[in-house]
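Please keep the sequence and the structure at hand while reading.

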Amino acid sequence: MSVVRKSRGALMTYDPATRWRARAWALVAYLVVLAAVGAIVFFALRYQPISAANFASEPVPQSDPNLIRVAYTSGGTFSFGFLVVNDGPLPVKIQRIQMTGRNQLLVPVRLETAGKRYAGSLGEADPSLEKFLPFTLAGDDRRWVVVRTRFGNCGRLPAGTFETYTQFQVTYSVLGLTKHAWVSLPRDIRVDSPPDLACPTRAA
């Protein structure tokens with residue numbers, strides 16, 4: 001008859017130094033990840049790659065390289081266009097563009113875009129111009145945007161005064177964040193409030 005002896009199991013020794021080293025490395029890894037996430041959020045919050053270029057408008061009586069002066073015409077319309085440019089390397093989604101307000105001399109009517117060329121005409125019948133819908137710009141990409149407006153609200157401003165439009169507001173998303181930015185127009189637009197005789201609401 002044989003006898004089998006069971007060996008006594010090895011005992012695990014407790015090493016406080018090893019445990020503290022493991023905790024220290026875990027803390028270092030946590031801080032590295034936290035710093036990386038913070039850097040990405042900080043970059044995304046400050047990231048603003050949108051600009052405008054290649055301004056075009058309907059014929060105006062006065063203009064120079066930096067400003068066009070538009071004559072107010074009661075019941076008339078005015079259109080202008082420019083390129084919205086993504087100067088950065090990351091794709092951005094353009095969700096909204098706002099140029100003027102309902103109480104200004106240039107009242108917004110609608111926006112149009114032409115996605116298959118860098119610049120386009122302002123013609124109402126141009127088949128390449130489509131109703132504005134949110135669109136994505138890849139890095140270093142651009143899109144032609146046309147702004148349709150009508151003249152209005154001359155009764156709010158006395159004759160001899162004017163409004164100048166120097167920028168537009170764009171709403172866009174990048175890296176999962178939705179942001180708003182004011183972007184300078186390639187050329188400023190000045191609209192003079194007309195004389196009393198040319199402003200029916202004021203003459204009334």
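Among contacts in the protein between residues at least 6 apart in sequence, what percentage join residues at least 24 apart?

## Contacts and overall make-up

The figure is 76%. The model is a predicted one. Two helices and 11 strands make up its elements. Read from the N terminus, their order is α-β-β-β-β-β-β-β-β-β-β-β-α.

The protein has 204 residues, and 35% of them count as buried.

## Nonpolar cores

In soluble globular proteins, nonpolar side chains tend to be buried together. Here the largest nonpolar core holds 37 residues. Phe82, Ile94, Ile97, Phe168, Val170, Ile189 and Val191 have the most contacts inside that core. Once neighbours within four places in sequence are left aside, Ile97 is in contact with Val84, Leu111, Phe132, Val145, Phe168, Gln169 and Val170.

## Arg187

Strand β11, residues 177-192, contains Arg187. Arg187 is buried but forms no salt bridge. Its nearest side chain of opposite charge belongs to Asp64, at 5.3 Å; a salt bridge needs a distance within 4 Å.

The backbone of Asp64 does take part: the Arg187 side chain reaches the backbone oxygen of Asp64 at 2.4 Å. Leaving aside neighbours within four places in sequence, Arg187 also has contacts with Phe55, Tyr165 and a run of residues comprising Ser63, Asp64, Pro65, Asn66, Leu67 and Ile68.

Note on methods:
Residues numbered from 1 in each chain as written. Predicted model: local features only at pLDDT ≥ 70, side-chain atom pairs only at ≥ 80, totals over all residues. Heavy atoms only, no water. Core = buried A, V, L, I, M, F, W, Y, C linked by side-chain atoms within 4.5 Å. Buried < 20%, exposed > 50% of the residue type's maximum accessible area, 1.4 Å probe, protein only. Contact = heavy atoms within 4.5 Å. Helix = DSSP H or I, 4+ residues; strand = E, 2+ residues; numbered from the N terminus. Lys, Arg positive; Asp, Glu negative; His and termini not counted. Polar contact = N/O pair within 3.5 Å; in protein donor to acceptor, adjacent residues only side chain to side chain.
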